[in-house]
Structures are given as structure tokens and as C-alpha cells.
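Please read this note beside the sequence and the model.

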Amino acid sequence: MKKTFNPPAVRRPFGNYNHGLLVPPGASLLVTSGQLGIALDDNIPSDITSQAELCFEAIKSILEEAGMSFADVIRISGFVTKREDFPAYMAVRDRYTLEPKPVSTLIIVGGFTRPEFLVEVEVTAAKVV
């Protein structure tokens with residue numbers, strides 16, 4: 001069982017995530033590459049919500065292939081190109097994440113490999129085997 005940490009000496013998280021998660025010994029670890037908002041047919045939606053959904057659907061597929069689910073995700077790193085996209089990104093993230101909520105970092109970046117990309121997401125997952 002993962003244990004969450006939100007000590008009283010640290011301000012509560014700004015959103016639906018935890019400040020720390022402890023994974024028990026013997027857990028299998030999965031680390032993903034950053035996933036971009038691009039469909040199988042190379043379509044790149046123009047809005048942040050659709051791109052974020054594609055990122056999380058790709059991560060879901062990777063997790064499933066590894067015998068895991070979003071319940072096993074312990075860390076999410078999200079990267080967006082515009083500060084005003086935070087709420088839309090976080091709404092998508094919150095739909096996919098399960099309890100206990102993973103730790104999470106969200107960073108504004110200057111851009112990605114192609115200017116059409118608005119968001120990139122990577123996760124770390126751990127499952128006791």
C-alpha cells in the first residue's frame with residue numbers, strides 16, 4: 001500500500017495531488033517518456049483539453065501494457081506552454097488520476113518539438129508484485 005504525506009508544516013497542495021508518496025519495497029517501477037497530444041493519424045488538436053486527453057490516453061495504454069492502471073501512478077510531470085492552460089490541463093489530469101492522488105509537478109515551458117504541441121505529460125508508476 002502506498003502511503004501519502006501532506007505534513008502540517010507544509011501548505012496543503014494547490015490541487016488534487018499529494019506532496020509525497022511512499023512506495024513499499026518490492027514494487028515494480030514503470031517510467032514513461034513524455035507523451036504529446038498527437039493522435040495515431042498524426043492529427044494534433046488545437047486545444048489544450050483535447051491534447052491533454054490524448055496524452056493521458058497514451059499513458060493509459062502504456063500502463064495497461066505494463067499490467068498497471070492509473071491507480072499505480074505515483075508521479076505526474078506536466079508541461080504546458082501557456083499559464084492560462086493550467087485549469088484545463090488540471091481538469092483532465094484529475095479525471096484520470098485515482099486515489100491516492102500521485103505527486104504532481106506542472107511547469108510552463110517555451111515550447112516543444114513542434115509549435116502545435118501545447119502539453120506534454122510523463123508519469124512514474126509503481127505496483128507491488
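1. Basis of the note. This is a predicted model, in which local features need pLDDT of at least 70 and side-chain atom pairs count only at pLDDT 80 or more, while totals for chains, interfaces and linings use all residues. Residues are numbered from 1 along each chain as its sequence is written, and side-chain values use heavy atoms, with hydrogens and water left out.

2. Overall fold. The protein has two helices and seven strands, where helices (H or I, at least four residues) and strands (E, at least two) are DSSP runs numbered from the N terminus. Their order from the N terminus is β-β-β-β-α-β-α-β-β. The radius of gyration is 15 Å, close to the 14 Å from the globule rule for 129 residues, so the protein is as compact as a globular protein of that length. That radius is taken over C-alpha atoms, and the globule rule is 2.2 Å times the number of residues to the power 0.38. The C-alpha trace spans about 40 × 35 × 20 Å along its principal axes.

3. Of the 129 residues, 39% are buried; buried means under 20% relative accessible area, exposed over 50%, and partly exposed in between (1.4 Å probe, protein chains only). Among contacts (heavy atoms within 4.5 Å) with a separation of 6 or more, 74% join residues 24 or more positions apart.

4. The largest nonpolar core. In soluble globular proteins, nonpolar side chains tend to be buried together. A nonpolar core is here a set of buried Ala, Val, Leu, Ile, Met, Phe, Trp, Tyr and Cys residues joined through side-chain atoms within 4.5 Å. The largest one holds 20 residues, of which Phe56, Leu63, Tyr89, Val119 and Val121 touch the most other members. Helix H1 (48-65), strand E5 (73-80), helix H2 (86-96) and strand E7 (119-128) each give two or more residues to this core, and H1 gives the most, with six. Beyond its neighbours within four places in sequence, Tyr89 is in contact with Ala52, Phe56, Ile76, Gly78, Val80, Leu106, Val119 and Val121.

5. Salt bridges. Glu53 is partly exposed at 26% relative accessibility, whereas Arg95 is exposed at 51%. Arg93 and Asp94 meet at 2.9 Å, N to O; Arg93 is buried at 3% and Asp94 is partly exposed at 23%. Glu116 pairs with Arg114, their closest N and O atoms being 3.6 Å apart.

6. Two residues of strand E7. Thr124 lies in strand E7 and is buried, with a relative accessible area of 18%. Not counting residues up to four places away in sequence, Ala126 touches Val23, Ala27, Ser28, Leu29, Met68, Asp72 and Ile74.

Methods
Salt bridge = Lys/Arg side-chain N within 4 Å of Asp/Glu carboxyl O.
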